[in-house]
Structure formats: structure tokens, C-alpha cells
Amino acid sequence: MNKIIEVVSCLDGYDPSALRVDKAREAIRACLTPVAGIERVATRSALGRVLAEQVVPRFDVPAHDNSAMDGYALRAADLTPDRDSRLEEVGAALAGRPYKGKVGHGECVRVTTGAVMPAGTDTVVIQEVVRIEGGAILVPPGQKRGQNTRAAGEDLKSGVAVLGPGRALAPADLGLIASLGIGEVSVRRRLRVAFFSTGDELASIGAPLAEGQVYDSNRYTLYGMLSRLGVELIDMGVVRDEPALLEAAFASAAANADAIVTSGGVSVGEADYTKQMMAKLGEVLFWTIAMRPGRPMAFGRIGDAALFGLPGNPVAVMVTFYQFVRDALLHLSGRTDDFTFPLLRVTASHPIRKVAGRTEYQRGVLFRDGGEWKVRTTGQQGSGVLRSMSEANCFIVLEHERGKVEAGELVQVQLFDGLV
Ligand code: AMP
Ligand code: MG
């Protein structure tokens, strides 16, 4: 395995003491190799998993030409262009119950949506426009050949791959796979991620809060964010700021996980002794990232596990997780589809303070103002104000070069929730 420092220092503009967000993401990516293990799972259990094979239809979907509407199947050639056409109804085809005979000249068959097109027919006239007169069906002029029908294979074509490796399976994909009658698929094995909090001031839930202590909230936000990524979790609790304890925790995490996520202990003063210990166990770089919140961050490898040493401040943990760890873990999971958060541009309803020379992730509320979507900040933006994440429904992403924002300017937002 190449040394991390050799890989990252080759990147253009790599500066560990003022690292731009996009460079940090690129540096992390360059050092990671996706997990290789593959397992077979039932189609339903494959939701959210990373597909590890090509799904190739063995037949067309739909398998037959069929009716898209309730009405009458007929031959377009039998219709007179400028007046009503009179046809004889010779039978019915229902969804799942095909009409067995062949339809001759001047004949039609009653059909329901999904019914196989009877042999000889090519067009469906919806039931609302026909008149029934005596035993005959009267079809008005103006019908088009092929209307209201669905062609065999218009959804999926036999032999043409429909889903490929590296894709996280979404609800629609499960449906596609099921439409091919496939009950099991190959997926990458789940990533194992160990996480713990560091800090002498941390109390665990259930213990009383002594003076100067705070409850360990980071492990709960991390639990939530990691769970949403669908990884296997190894929760290692709180580890005191003691070299021997930290060393043991890192060694055990590295032995059991593909990635380790910690919070706290990476700011300049605190990092000194962790640096020495990490140098023993693996290779870890300490970065100052040109962003807010979330300036200090450690990245590296301990044993075979990737390490993400996040800052301790509760908002900084979430921002660095979403901007770096999420991307890295999805890459490690074998995803090759584009999973970057979409950036949408909306109008800022109020001025926003911003300093040029760093990327800021302010917590925003996207709201509807009359007919237009606008965004405002949640107010207080301190990196310890976790409430701001809870109140927000998006990040307002203010680019590196940008200075302050006036009301009415366009800003970029990343929504917290996606539809699929
Ligand atoms: P650190 O990065 O360790 O210097 O911590 C920065 C700030 O985040 C300090 O105010 C810590 O008390 C706070 N902090 C660190 N870890 C946690 C945690 N697990 N839960 C809540 N707050 C934390
Ligand atoms: Mg600390």
C-alpha cells in the first residue's frame, strides 16, 4: 500500500495547513480502496445495498404488446377516416386473460388495461368515445394507428442490461428487479464502521453530569448519520484523553472495522500526543481545512482501516461528516454512481455574514415565500449550537471566494432530505 502522504502530496494545491474543501475530498478519495466482498441477498433485503452485478433481462417487459386503456382493440385499417366505423364485438381480453382467437376484418375485441393485444389488432379506442348501437360498436373518426397500446419491451428489453454494479438500489430498482422475476441479487458486503467519542469532559447518558461535563451527544449524531448510510456499526463509547486508552481503542477499532470515525481531540493543542501515538499505529495526517465549521480534522489509516478524526464541536462533527466522511464511506462501499449532494440555487431572504477564503456551511431553512423558494439562516451559527442543525432543513453552502451575501442574492443550498 502506498503511503498516504505520498499520494496526497502529489495532488495540485495540497496544503495541509489551509486545505480547501474540494482538495480534502479529493485527497481522501485518492487514498481509499472500496471493499471487495460480495454476498447474495433477497431482492427486498437489497434496498440501499450496492449492486455487485449486472442485471440483464432474459425477456421483454412487458412481455407482450398490450392495451394501455379500457376500450376496444381493433385494426386501424378497418376504420373510415371521415365518419363513424361500424365494428362487430367478437370477444373480450382482460388483464391476465388473453383473447384466444384471431380478430378478422370489421371485428373488435373488448379490452381492459394490461390485456394482451389480440392477434390481428394494432389500436385501442377508449370505451368513452364509442357508441353501442344494436350489436355493433360505432367508432368515431380521428383515431390514430397504435394509439392507447404499449409495446412489448418498452420498459425493459431482453438482453439489454438495466442496472449495473456500483449502484445503490432504490425502491424503483427493487421493482425493476422484481418485474424480471429475480428473487436474489449480488451486493457488496456492508461496510463496518467503528466510532467513539474522545474527551475527559464527556459524560454518558445515565450518569449524573458533574461540574464542567457535557453529555456525549456526538456519538448519537454519528449513530444517526452512519445508520442512514446503511453501514454496520461498532459503537465503542467514550474514550478518555489518555494515550494508553486511546491507543487500545484505535488498535481494537482497526482490527474490527473498515473505517473508524472519532470526534474530539484533533485541535492543535490536543493533537500533539495523539500524533505520536498514531505514528506508531499507522499513518495519520492532521489537516486544517479552510472551512467553517470544522477546521481541524485528521485523516489516515490505522492498520487496514481508514481513520476520520473529526473535530469535537457538535455542529463541526456533522458538517465534516456530511462533507467528507459520507463521500468517503460511500466510495469505500463500492458506489460508483454520482452520489454527490445536488446544489440548488435559491434566493437569500436576508443578508448573510461570510468571510472570503473559506467554505462556509451555514445552517439554513428553505421556505416558500409566496410562489418562490427562499432560504434564511437558522440564526446563531456557533459550532456548538447543535439546535441549528435540528432546526435547519439544508446547508447554505457559501463558496470559498465569496464574501458577504446581500438579501436577494442567489446562494447554493444542499437539502438534508432526498426523495429516494
Ligand atoms: P475538542 O475538539 O475535543 O477540542 O472539543 C471541542 C468542543 O466540543 C468542546 O467544547 C467539547 O466539550 C465539545 N465536545 C467534544 N466531544 C463532544 C461530544 N462527544 N459530545 C458533545 N460535545 C463534545
Ligand atoms: Mg477534547
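Student: What should I know before I start?

Tutor: This is a predicted model, where local features need pLDDT of at least 70, side-chain atom pairs count only at pLDDT 80 or more, and totals for chains, interfaces and linings use all residues. Residues are numbered from 1 along each chain as its sequence is written, chains are lettered from A and ligands numbered from 1 in the order in which they are written, and side-chain values use heavy atoms, with hydrogens and water left out.

Student: Okay, where does Ser333 lie?

Tutor: Helices (H or I, at least four residues) and strands (E, at least two) are DSSP runs, numbered from the N terminus. Ser333 is in the loop that runs between helix 7 (314-332) and strand 20 (344-348).

Student: Is Ser333 buried or exposed?

Tutor: Buried means under 20% relative accessible area, exposed over 50%, and partly exposed in between, using a 1.4 Å probe and protein chains only. Ser333 counts as buried because its relative accessibility is 11%.

Student: What does the side chain of Ser333 reach?

Tutor: Look for a polar contact: a pair of N or O atoms within 3.5 Å; within protein, one must be able to donate a hydrogen and the other to accept it, and residues adjacent in sequence count only if both atoms are side-chain atoms. Here the side chain of Ser333 gets to the backbone oxygen of Leu329 at 2.6 Å. Plain contact means heavy atoms within 4.5 Å. Setting aside residues up to four places away in sequence, Ser333 touches Val35, Val50, Arg188 and Leu191.

Student: Can we try Gln362? Which strand is it in?

Tutor: Gln362 has its place in strand 21 (residues 359-369). Gln362 counts as buried because its relative accessibility is 7%. A polar atom of the Gln362 side chain lies 2.9 Å from the backbone oxygen of Arg353. Leaving aside neighbours within four places in sequence, Gln362 is in contact with several residues, among them Ile352, Thr377 and Phe395.

Student: And why does Gly142 count as exposed?

Tutor: Gly142 is exposed because its relative accessible area is 65%. Gly142 lies in the loop between strand 8 (136-139) and strand 9 (149-150). Asn148 has its place in the loop between strand 8 and strand 9 too, and is partly exposed at 26%.

Student: What is phi of Asn148 near?

Tutor: Most residues other than glycine have a negative phi, and most peptide bonds are trans. Phi of Asn148 is near 60°, a positive value in a residue other than glycine.

Student: Which residues does a cis peptide bond join?

Tutor: One such bond joins Val61 and Pro62, with omega about -10°. The bond from Arg292 to Pro293 is cis as well, with omega near -5°. Pro293 sits in the loop between strand 17 (291-292) and strand 18 (296-302).

Student: How many residues surround ligand 1?

Tutor: A residue is near a molecule if one of its heavy atoms lies within 4 Å of it. For ligand 1 there are 15, and the closest are Glu201, Asp216, Gly265, Glu270 and Gly312. A nitrogen atom of ligand 1 is 2.7 Å from an N or O atom in the Asp216 side chain. An oxygen atom of ligand 1 lies 2.8 Å from a polar side-chain atom of Glu270.
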